[in-house]
Amino acid sequence: MRNSRMSVVCALSFFSVIAGGFVAHYGIGSTSLLSNTQAQDNRATDSRRCSPRTLKGAYGIKFDGRKVSGEPIASIARITFDGAGVFTTNEIGRLNGNVIQRTFTGPYTVNEDCMGFIDFSSNLTNPPHEVHGDFIVVDEGREFFLLDNEEGWAASGVGKKL
């Protein structure tokens with residue numbers, strides 16, 4: 001029994017030395033791995049800076065939602081950004097079952113953090129009203145998620161580069 005206890009103690013000591021060496025060797029190395037990971041994260045953040053030029057060209061949008069009073073809206077559109085802060089949209093869809101077809105233009109802004117907004121005058125009501133939409137640019141400008149952020153609406157859409 002004494003020999004088996006001694007064998008167990010020797011085996012545990014051996015594994016402790018191996019494990020300690022492993023931790024000492026790779027534990028110190030993990031600090032440099034952490035620094036490399038942080039550096040990569042910083043480069044990734046730096047590369048995600050956006051501007052109005054990030055959205056340039058034509059995108060297809062699928063948009064749907066409803067007025068808070070209940071009327072559903074669904075549409076598809078082609079929106080073209082000029083890269084300098086002006087967009088034009090050609091839209092076709094349905095509002096409360098009625099066909100809508102319209103073209104509108106307005107300003108857009110893209111902030112450095114890739115969040116932005118669009119504004120335009122909508123003729124879906126009489127008299128027309130001003131619309132404010134917020135968005136975030138994703139996938140290096142190949143896509144954006146849009147939220148109709150005007151009072152009385154709960155609608156959103158996704159735009160993808162054509």
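Q: What makes a residue exposed, partly exposed or buried here?
A: A residue counts as buried under 20% relative accessible area, as exposed over 50%, and as partly exposed in between. Keep in mind that this is a predicted model.

Q: Why is R49 called exposed?
A: R49 has a relative accessible area of 52%. The cut-off for exposed is over 50%, so R49 is exposed.

Q: What makes the contact between R49 and E112 a salt bridge?
A: Their side chains meet at 3.6 Å, N to O. A side-chain nitrogen of Lys or Arg has to lie within 4 Å of a carboxyl oxygen of Asp or Glu, so this pair qualifies. The two partners come from distant parts of the chain, 63 residues apart. R49 sits in the loop between helix 1 (2–47) and strand 1 (56–67), while E112 sits in the loop between strand 4 (98–110) and strand 5 (115–122).

Q: How do you know whether E112 is buried or exposed?
A: Its relative accessible area is 53%.

Q: Why do D64 and K62 count as a salt bridge?
A: The side chains of D64 and K62 meet at 3.6 Å, N to O. That is within 4 Å, so the pair counts as a salt bridge.

Q: What makes R142 and E140 a salt bridge?
A: Here the N to O value is 3.7 Å. The limit is within 4 Å, so R142 and E140 form a salt bridge.

Q: How do you know which class R142 and E140 belong to?
A: R142 has a relative accessible area of 42%, between the two cut-offs, so R142 is partly exposed. E140 reaches 70% relative accessibility, which is over 50%, so E140 counts as exposed.

Q: How many salt bridges does a search of the whole structure find?
A: The search finds six, including the R49 and E112 pair.

Q: What pattern does the protein follow along the sequence?
A: The protein has one helix and eight strands, and the pattern reads α-β-β-β-β-β-β-β-β.

Q: How much of the protein counts as buried?
A: Of the 162 residues, 28% count as buried; the cut-off for that is under 20% relative accessible area.

Notes
Residues are numbered from 1 along each chain as its sequence is written. This is a predicted model: local features need pLDDT of at least 70, side-chain atom pairs count only at pLDDT 80 or more; totals for chains, interfaces and linings use all residues. Side-chain values use heavy atoms; hydrogens and water are left out. Helices (H or I, at least four residues) and strands (E, at least two) are DSSP runs, numbered from the N terminus. Buried means under 20% relative accessible area, exposed over 50%, partly exposed in between (1.4 Å probe, protein chains only).
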